[in-house]
Amino acid sequence: MPVVFGPSELPRVSHWGYVRNISIDFVTDYEFIRPFVPSRLQISREPVVTFCRRSFDDVDYLGGRGYEEMCVGVTVTDPEGDESAGGVFWLALWVNDARAASVGRELTGWPKLGGTFAPVEVDGTRGWRFGLAEYGSVLIDGGVSSAEPLEQDALSRYARECAEGGYAYCLRHFEAIVDGDGFSQLTRTRTVFTPTRAFVGVGSLALTAPDWKAAPHSARIMAALATLPIVRWLPATVSEGSLSIDRGATTALTDQTVPAQRAIGMTE
């Protein structure tokens with residue numbers, strides 16, 4: 001979009017020259033999270049929820065510019081795919097760049113919203129703190145403390161795992177208008193992250209659920225996320241490196257017609 005001026009100018013394979021990913025993970029309750037994940041995808045009986053605060057720079061389709069992002073997802077596998085079809089189903093993402101939001105939503109179905117990001121506070125190589133807000137209303141505060149760098153052997157193993165790539169699962173949803181039909185597709189996109197350094201530490205997370213007037217795009221999302229049961233915290237990670245995505249390899253795993261005024265059912 002807008003299609004009257006020709007096809008997309010995006011490269012088939014996009015590169016992010018710099019990525020910093022701060023990931024805070026925990027095990028949640030299976031029965032609570034299952035309704036949020038499409039029925040085709042399988043989740044563990046001890047499902048892992050990840051909150052990722054990302055900073056990007058040197059992005060090719062932004063002319064070398066960067067943007068900030070906050071992602072919330074659940075680790076999943078696709079029983080109908082191959083053995084390596086594990087990845088993350090993304091529940092919600094916030095970004096501070098309109099082009100990054102529209103590209104991700106239209107082409108892949110990344111569930112992106114607009115957000116305001118406080119600069120990440122960095123305490124040497126021991127700690128990182130971050131925040132996310134909508135119209136001045138705080139949504140998420142988080143951080144990593146007591147971080148230690150991965151030793152060379154561990155970093156090499158991590159780099160080999162990343163080189164194999166991982167899958168991002170999203171719902172590419174276009175709502176029906178008037179009396180027509182919309183459609184919803186479960187998509188799978190391979191991402192390849194190349195780390196240059198990584199740290200492991202202790203994560204902390206505070207979620208706020210403002211009312212609709214204070215945060216009209218995020219209020220319902222945050223109300224659900226704020227009630228996620230935390231069964232067990234996992235080690236937090238901070239990693240830096242580069243990223244690539246081959247959009248030509250993005251696959252629509254399912255197609256669902258969406259009549260007007262009908263909500264999408266996540267489970268059968």
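Start by selecting Arg 12, which is exposed, with a relative accessible area of 55%. The model on screen is a predicted one.

**Stop 1: the partner of Arg 12.** Asp 246 forms a salt bridge with Arg 12, and the closest N and O atoms are 2.9 Å apart. The two ends come from distant parts of the chain: Arg 12 sits in the segment before strand 1 (13-27), Asp 246 in strand 12 (residues 236-246), and 234 residues separate them. Is Asp 246 buried, partly exposed or exposed? Asp 246 is partly exposed, because its relative accessible area of 26% falls between the 20% and 50% limits. Keep in mind that side chains of opposite charge can pair when their charged atoms come close.

**Stop 2: a loop-to-loop link.** Pick the one between Arg 40 and Glu 80, where the closest N and O atoms are 3.5 Å apart. Arg 40 lies in the loop between helix 1 (30-33) and strand 2 (48-59), and Glu 80 in the loop between strand 3 (67-76) and strand 4 (87-95), so the pair ties together parts 40 residues apart in sequence. Glu 80 is exposed, at 60% relative accessible area.

**Stop 3: a strand-to-strand link.** Select Glu 68 and Arg 53. Their side chains meet in a salt bridge of 2.7 Å, N to O. Glu 68 is in strand 3 and Arg 53 in strand 2, 15 residues apart. Color by accessibility here: Arg 53 counts as buried, at 2%. Salt bridges with shared partners join Arg 40, Asp 78 and Glu 80 into one network.

**Stop 4: Ser 137.** Jump to strand 8 (residues 137-149), where Ser 137 is found. Ser 137 has a relative accessible area of 16%, so it counts as buried, the limit being under 20%. Which residues does Ser 137 touch, leaving out those up to four places away in sequence? They are Leu 132, Pro 210 and Ala 214. Draw a distance from the Ser 137 side chain to the backbone oxygen of Ala 214: it reads 3.4 Å.

**Stop 5: helix 3.** Select residues 152-163. Helix 3 has 12 residues and reaches 16 Å from its first C-alpha to its last, close to the 16 Å expected at 1.5 Å a residue. Step just past the helix to Gly 165, which takes a positive phi of about 85°.

**Stop 6: strand 10 and its partners.** Select residues 181-207 for strand 10, then bring in its partners in turn.

- Strand 8 pairs with strand 10 in the antiparallel sense over eight bridges. Find Pro 149 and its bridge partner Phe 199.
- Strand 9 (residues 166-174) is antiparallel to strand 10, joined by nine bridges. Phe 174 has Phe 183 as its bridge partner. Strands 9 and 10 form a hairpin with six residues between them, and Val 178 in the turn has a positive phi of about 50°.
- Strand 12 pairs with strand 10 in the antiparallel sense over 10 bridges. Val 200 stands opposite Thr 237.
- Strand 13 (residues 251-252) and strand 10 are antiparallel, with two bridges.
- Strand 14 (residues 256-259) runs antiparallel to strand 10, with four bridges. Ser 184 stands opposite Gln 256.

End the tour at Asp 246, back in strand 12.

Technical notes:
Residues are numbered from 1 along each chain as its sequence is written. This is a predicted model: local features need pLDDT of at least 70, side-chain atom pairs count only at pLDDT 80 or more; totals for chains, interfaces and linings use all residues. Side-chain values use heavy atoms; hydrogens and water are left out. Buried means under 20% relative accessible area, exposed over 50%, partly exposed in between (1.4 Å probe, protein chains only). A polar contact is a pair of N or O atoms within 3.5 Å; within protein, one must be able to donate a hydrogen and the other to accept it, and residues adjacent in sequence count only if both atoms are side-chain atoms. Contact means heavy atoms within 4.5 Å. The expected span of a helix is 1.5 Å times one less than its number of residues. A salt bridge is a side-chain nitrogen of Lys or Arg within 4 Å of a carboxyl oxygen of Asp or Glu. Two strands pair if DSSP finds at least two bridges between them.
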